[in-house]
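Okay, everyone, thanks for coming.

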Amino acid sequence: MKFIFRMGRSNTFGTIIRFNSKIKRDTIFNLHQNSSSAESSTHDLSSSQYSTINEPEIIKFSQLAKEWWSPNGPVKLLHSMNPLRVSYIRQQLSKYDKEKLKKGQESGYETTSAYDDQIPFKNLRILDIGCGGGVLSESLVRLGASVVGADASLENIQIAKLHARKDPSLYSGPGILEYKCITAEKLLENGESFDIVCAMEIIEHVNHPVEFLKACAGLVKPGGHLFLSTISRTPLSYVLTILLAERVFRIVPNGTHDFNNYLRPDELQQIIERIPNNNVDNSNTGTIDNAEGVDKKKSSEWGQITDITGIGVNPITGKWFEFNHWVPRRIQLDVNYLLTAKRN
Amino acid sequence: MIDKNLYDIAIIGGGITGSALACALVNSQKTKSRRIALIEFNNMSNIREWKPPHLQFSNRVSSLTPRSIQFFKDIGVWENINHERIRPYKDIQVWDGISNARIRFNSDDSISINKNIEAIAWIIENNNIQHAILTKLAQYKDSNIDFLENTTVKRIMFDDVNYENEQFDLSDWPSLELSNGKVLKTRLLIGADGINSVVRSFASIESLGWDYNARAVVATLQVEPQVENATAWQRFLPTGPIAMLPLNNRFSSMVWSTTPTLASKICTLPSNNFIHLVNAAFRLRIADLEYLYSQLENCDIEFVKEFEWRQSIEKKAGIGNEIFPPLVLDVQEKSRAEFPLKMRNAESYVKERIALIGDAAHTIHPLAGQGLNQGLADVQSLVKVIEHGVVTGQDLGNIQLLKNYSSDRYLSNLMMLGAVDKLHKLFGNDFAPIVFMRSLGLQVINHLEPVKSEIIKYAMGIE
Ligand SMILES: Cc1cc2nc3c(=O)[nH]c(=O)nc-3n(C[C@H](O)[C@H](O)[C@H](O)COP(=O)(O)OP(=O)(O)OC[C@H]3O[C@@H](n4cnc5c(N)ncnc54)[C@H](O)[C@@H]3O)c2cc1C
């Protein structure tokens with residue numbers, strides 16, 4: 001009870017997401033330009049899910065959804081990055097699977113014989129916080145996870161819901177997809193917990209990253225994982241993500257990023273590893289991992305960073321890649337990076 | 001719960017590339033549970049129950065590179081091949097009809113790269129390949145694949161019919177109207193429907209290229225029995241190349257590209273004359289050959305006498321002491337057929353929810369025997385891309401994913417098309433300086449082992 005009270009207070013800091021309003025302006029502008037293509041999905045009002053929205057709203061959202069999901073639209077970098085993010089999550093979890101296998105322990109998710117390459121995330125409950133139009137959420141569901149896609153922007157949630165209707169396989173199981181317009185803090189307050197929490201390309205868009213990270217960390221079940229991806233605060237990242245991407249080439253809308261909100265990997269690591277274990281959580285909820293063998297000192301901390309990987313995008317092919325090992329660490333982690341943390 | 005007419009992947013065209021793709025997808029651990037439809041216009045039962053006639057060969061044969069063979073091994077098709085009816089060849093002899101300059105390729109030329117390679121390529125009847133693929137497909141009875149044969153795709157369109165009580169919006173999934181009245185919807189539509197691809201025209205993808213003013217005559221030849229018939233022969237005549245490919249020690253297959261007028265005459269010539277014309281085309285000087293062309297409609301002339309007399313004169317003159325392909329003794333009845341020759345490349349291989357493979361994407365002159373091999377390379381690439389899509393949880397129709405396929409294949413196909421087209425043009429010329437230069441080129445290359453080795457590796461599909 002005490003805990004909920006505290007988190008409720010921290011919530012008043014309001015980890016508000018600013019990034020969407022900027023994009024909204026852009027996409028609405030586009031709506032006028034090619035309004036002719038909006039006709040296709042005007043007749044789908046009967047579905048109970050959407051009964052609270054009126055018809056012009058649906059037209060607007062389906063157009064926005066189209067923009068959001070366009071491989072050349074304002075968030076095209078998210079689309080092109082997505083396969084790499086998913087591979088990264090798979091790769092990090094499979095390391096963990098192998099450890100589990102070695103130890104011969106029972107694990108929360110299927111490893112040995114039942115492990116299926118096509119649905120590796122079966123039986124995992126995953127939170128995609130800041131899900132936007134749902135590009136990561138959809139992928140995770142296809143891989144068998146039961147996903148909660150959460151976003152503070154109702155508009156994003158509507159976009160995501162509309163887009164999910166384009167793929168029946170998202171509803172045919174074993175994966176489950178659910179979108180909620182809600183913040184991380186609120187989820188924590190509601191007592192939710194997840195095997196995996198993904199906060200991809202979002203920390204740089206929230207006002208109070210430390211509080212936000214605490215909330216995300218608290219949503220991870222003991223033994224579970226937190227995945228983050230963000231941009232480091234370096235001269236190079238300024239040049240690439242703000243000067244070039246926003247101002248010169250306009251690959252992303254101007255104002256998408258605020259350089260001062262970027263966090264370096266070492267800063268992020270410090271923040272996470274300093275989160276106390278008793279501070280944040282819904283600790284009595286289900287566990288993946290019984291904490292036996294974990295010493296007391298360790299369990300007084302929330303957990304550890306288990307991996308940081310630098311990624312980059314090839315400007316010619318537009319493809320994202322993980323840096324080769326021979327590239328100096330400093331350069332690898334200078335711009336975009338992915339991070340895995342494991343809760344004790 | 002999900003509509004039974006919804007598919008993840010619909011492949012139009014059950015030719016070799018289309019059915020090989022289906023087979024590779026159900027064979028892959030990563031893609032096997034996708035719902036696949038394979039739609040083919042023809043009734044395949046003849047090929048499914050293919051009983052090869054003794055001492056007869058189909059006139060449609062292909063030369064498969066080691067890379068294509070490896071692919072068939074990987075997807076479990078190779079074990080179903082009738083191995084008595086395939087012939088590896090280790091030698092290629094190519095020579096200039098005008099100057100007789102020659103180049104020899106031997107699989108040993110490539111030995112530096114891979115010791116396991118037993119041959120440059122294998123000559124296989126298309127029916128043998130297709131039969132092996134269908135046999136393999138039949139073993140996947142319980143899988144998620146529907147093979148709709150005897151079925152034509154009549155129309156492809158986008159519709160906004162809602163599915164499952166309007167829960168879904170599949171307006172950007174292509175709908176296929178089939179000849180049996182059914183309508184299918186698919187997440188990913190694959191055009192493996194040959195040169196006149198309906199999928200390509202639906203996607204309004206332009207196909208660029210030209211028709212050669214030439215046709216290919218194919219035939220199954222009975223040849224002088226050989227100890228080891230294991231060389232592919234090709235002579236560049238001014239009208240186009242003529243090739244002889246080994247089938248076994250007594251049979252070979254012929255592909256003769258020539259002018260449309262000559263092609264139709266060659267096809268209808270009495271067998272006896274045809275045989276000697278083929279022998280002449282491999283052995284006699286161009287002037288002699290041209291004399292024979294002019295006599296094709298002359299019923300009185302005995303080609304055998306003409307051929308033997310002219311050859312004896314050339315021998316005396318010391319011309320034509322080179323080694324030649326085995327003498328043709330007979331031509332299998334009804335085995336002569338002619339095909340138009342084209343060169344095409346689609347301006348793009350992918351669009352949102354659409355990909356083209358094989359002849360639907362590109363068509364090449366058969367002189368280097370690469371068309372099908374390119375199609376199979378497309379299949380391998382596309383399977384990898386689809387697997388990557390599955391593993392990363394993507395919608396398999398999304399253009400970003402499919403672009404990985406086109407960027408992998410487009411340039412490589414274009415280069416092969418260009419190289420083969422240039423060869424065709426280079427050798428289709430009888431302007432003396434060009435003949436001189438190309439002959440010099442052949443002779444020089446023939447002595448430059450490293451260059452030869454690179455050429456042969458390229459032709460074998462080794463990267
Ligand atoms: C004379 C000659 C010799 C050749 N020699 C060689 C060689 O030695 N080596 C080599 O690699 N290549 C060779 N090729 C090329 C090779 O034959 C082709 O590249 C290959 O067959 C193409 O296969 P495909 O499956 O892409 O197309 P196709 O074989 O054309 O198959 C297309 C299939 O789609 C079906 N289809 C079309 N439209 C529809 C529709 N609307 N609905 C349903 N079904 C439809 C057709 O029935 C057909 O079965 C040669 C070609 C020629 C002409």
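So, let's start at the ligand. There are 29 residues around it, and the ones that come nearest are Thr17(B), Glu40(B), Ser63(B), Asp359(B) and Leu372(B). Before I go on, keep in mind that this is a predicted model.

What does Glu40(B) do there? One of its polar side-chain atoms lies 2.7 Å from an oxygen atom of the ligand. Asn42(B) also has a polar side-chain atom by a ligand oxygen, at 3.4 Å. With Ser63(B), it's a polar backbone atom instead, 3.0 Å from an oxygen atom of the ligand.

How much of the ligand does the protein bury? Taken alone, the ligand exposes 1,000 Å², and 83% of that gets buried by the protein. The elements giving two or more residues to the shell are α1 (16-27), β3 (61-64) and α10, all of chain B. By class, that shell has 11 nonpolar, 14 polar and four charged residues.

Okay, over to the two chains. Their contact takes 31 residues from chain B and 27 residues from chain A. Between them they bury about 2,400 Å², with 46% of it on carbon and sulfur atoms.

How many salt bridges are there between chain B and chain A? Three. One of the salt bridges pairs the side chains of Lys166(A) and Asp169(B), at 3.3 Å from N to O. On chain B's side, the elements that give two or more residues are α10 (371-391) and α11 (399-427). The largest share, four residues, comes from α11(B). And that side of chain B divides into nine nonpolar, 13 polar and nine charged residues.

That's my tour, thanks!

How values were computed:
Residues numbered from 1 in each chain as written. Chains lettered and ligands numbered in written order. Predicted model: local features only at pLDDT ≥ 70, side-chain atom pairs only at ≥ 80, totals over all residues. Heavy atoms only, no water. Contact = heavy atoms within 4.5 Å. Buried area = accessible area lost by both parts, 1.4 Å probe. Salt bridge = Lys/Arg side-chain N within 4 Å of Asp/Glu carboxyl O. Nonpolar A, V, L, I, M, F, W, Y, C, P; charged D, E, K, R; others polar. Near = heavy atom within 4 Å. Polar contact = N/O pair within 3.5 Å; in protein donor to acceptor, adjacent residues only side chain to side chain. Areas by Shrake-Rupley, 256 points an atom, 1.4 Å probe, with all protein chains shown as cover.
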